[in-house]
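I opened this notebook to record what I looked up in the structure shown below. The entries follow the order in which I took up each topic.

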Amino acid sequence: MQPQLDRLFTELGLQRFAQFEDGDLLVERSRQAPPLRTPGFASDPPSMRLVGGAGALVAALQARLDPAIVRTGQTVGRLRREDTHVELLVDDSAGQPPVWHVEQVLLALPSRLAATRLQFEPVLPAELARRWRATPTWMATHAKYVAVYDKPFWREQALSGSARSSIGPMGEIHDVSMPGGHAELFDFLGVPARVCGQVTNEDLRAHCRAQLVRLFGQQAAVPVGEALKDWAADPPTATHDDQDAVGQHAVAPARSADEGAWQGRLVGIGSEWSRQFPGYVAGAVDAAEAGVQQTLAALARKGLPQKEGSD
Ligand SMILES: Cc1cc2nc3c(=O)[nH]c(=O)nc-3n(C[C@H](O)[C@H](O)[C@H](O)COP(=O)(O)OP(=O)(O)OC[C@H]3O[C@@H](n4cnc5c(N)ncnc54)[C@H](O)[C@@H]3O)c2cc1C
């Protein structure tokens, strides 16, 4: 369904596998009744997962970059348009705020985050800034819980590991075991971000484990590992406006200013700027491709040299 992403994975030599869905699905409707067991339905086309997880994609991309041109641990705070260039003010982890002078800026982060957390001098055109801020970051309201086990014991009961619940805290559960690796159950918490933020991580984990026991039995009580990540509380992802859930993907806003000081200097290439797949990983590929083309065209118009092989 996302051919650009498929091509990129192939080019990077990343292995994929279909999410495990063989077996029955469990549905939790009420506290008074045991979970309902029903034949599962396989997604068509299947949901695909990366061997090694999403981190494998980051590592593969990083391996192709010259380490000398990568700077990490630097948070951009302010962008100032000077006569001949853009000045970036960066907060680095060592506490020394360095300044970068650049020709072009490609914003590889969600549009709402860019418009909310970055300070632009002069300010962006008002309508553009409003549209960027109004574009929700897909999934930013969500928290994920993962429980790791030695073996996928639910499969021995002909269960797929998939479950749906209207009791919670987990709303949707899947078996995300890695081939040849640990067995894992993963879920999205069905609790609003504002509520999640009021409960300690330890309490939330205990509620998640209790729910897995209700669904899959006593073996689920003692995972060998677990992780809880609340993306709504992650400042480089979510803003205050992302605390309220939105279900669908937003329509991509314009990725650059067509007037004023920022025209021809700034392009949004984060996933939310993708016209084809806004919010998805595939959207990040699509938006980056379109944004890089636009930037190269702007450089060519100015007659500036483009680095050889800079794809
Ligand atoms: C819970 C959850 C589940 C998801 N599930 C799926 C899924 O199943 N399939 C799918 O296709 N997509 C999924 N997504 C969406 C996917 O993660 C995004 O589409 C993708 O990460 C977007 O990539 P990006 O490069 O545009 O931006 P991001 O991945 O958001 O990267 C932005 C980067 O910019 C950095 N940054 C932020 N602010 C600054 C700053 N001021 N200075 C310097 N750096 C900064 C951040 O630290 C981050 O590294 C999910 C997202 C979430 C939160």
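**Entry 1: Domains**

I began with the spacing of the domains: the centres of domain 1 (3-57 + 139-233) and domain 2 (104-138 + 252-301), taken over C-alpha atoms, are separated by 33 Å. I note that the model is a predicted one. I then looked up the contacts and found 5 residues of domain 1 in contact with 6 residues of domain 2. On the side of domain 1 that touches domain 2, I recorded 4 nonpolar residues, 1 polar residue and no charged residues.

**Entry 2: The ligand shell**

I listed 23 residues around the ligand, of which Met139, Pro236, Gly270, Tyr280 and Ala284 come nearest. Strand 5 (74-81), helix 3 (111-117) and helix 7 (281-301) each supply at least two residues of the shell. The largest share, 4 residues, comes from helix 7.

I returned to Met139, one of the residues that come nearest to the ligand. Met139 is placed in the loop between helix 4 (126-134) and strand 10 (143-149). Its phi is near 70°, a positive value in a residue other than glycine.

Ala158 sits in the loop between strand 10 and strand 11. With 11 C-beta neighbours inside 10 Å, Ala158 counts as exposed.

**Entry 3: Cis peptide bonds**

I recorded a cis peptide bond from Asp44 to Pro45, with omega near 0°. Pro45 belongs to the loop between strand 3 (36-39) and strand 4 (48-50). Another cis peptide bond joins Gly168 and Pro169, with omega about 5°. I located Pro169 in the loop between strand 11 (159-165) and strand 12 (170-175).

I traced an open sheet of 4 strands in the order 7-6-5-9, with mixed pairing. Its edge strands are strand 7 (99-102) and strand 9 (119-121), each of which pairs on one side only. Neighbouring strands of this sheet are turned by 25° against each other on average, direction ignored. Strand 6 (residues 86-92) and strand 7 run antiparallel and are joined by 4 bridges. I noted that Leu89 stands opposite Val99 in strand 7.

Conventions: Residues numbered from 1 in each chain as written. Predicted model: local features only at pLDDT ≥ 70, side-chain atom pairs only at ≥ 80, totals over all residues. Pairing = 2+ DSSP bridges. Axes fitted to C-alpha atoms, helices over the stretch in contact; angles between N-to-C directions. Near = placed C-beta within 6 Å. Domains from an automatic or database assignment. Contact = placed C-beta atoms within 7 Å. Nonpolar A, V, L, I, M, F, W, Y, C, P; charged D, E, K, R; others polar. Buried ≥ 20, exposed ≤ 12 C-beta atoms within 10 Å, placed from the backbone.
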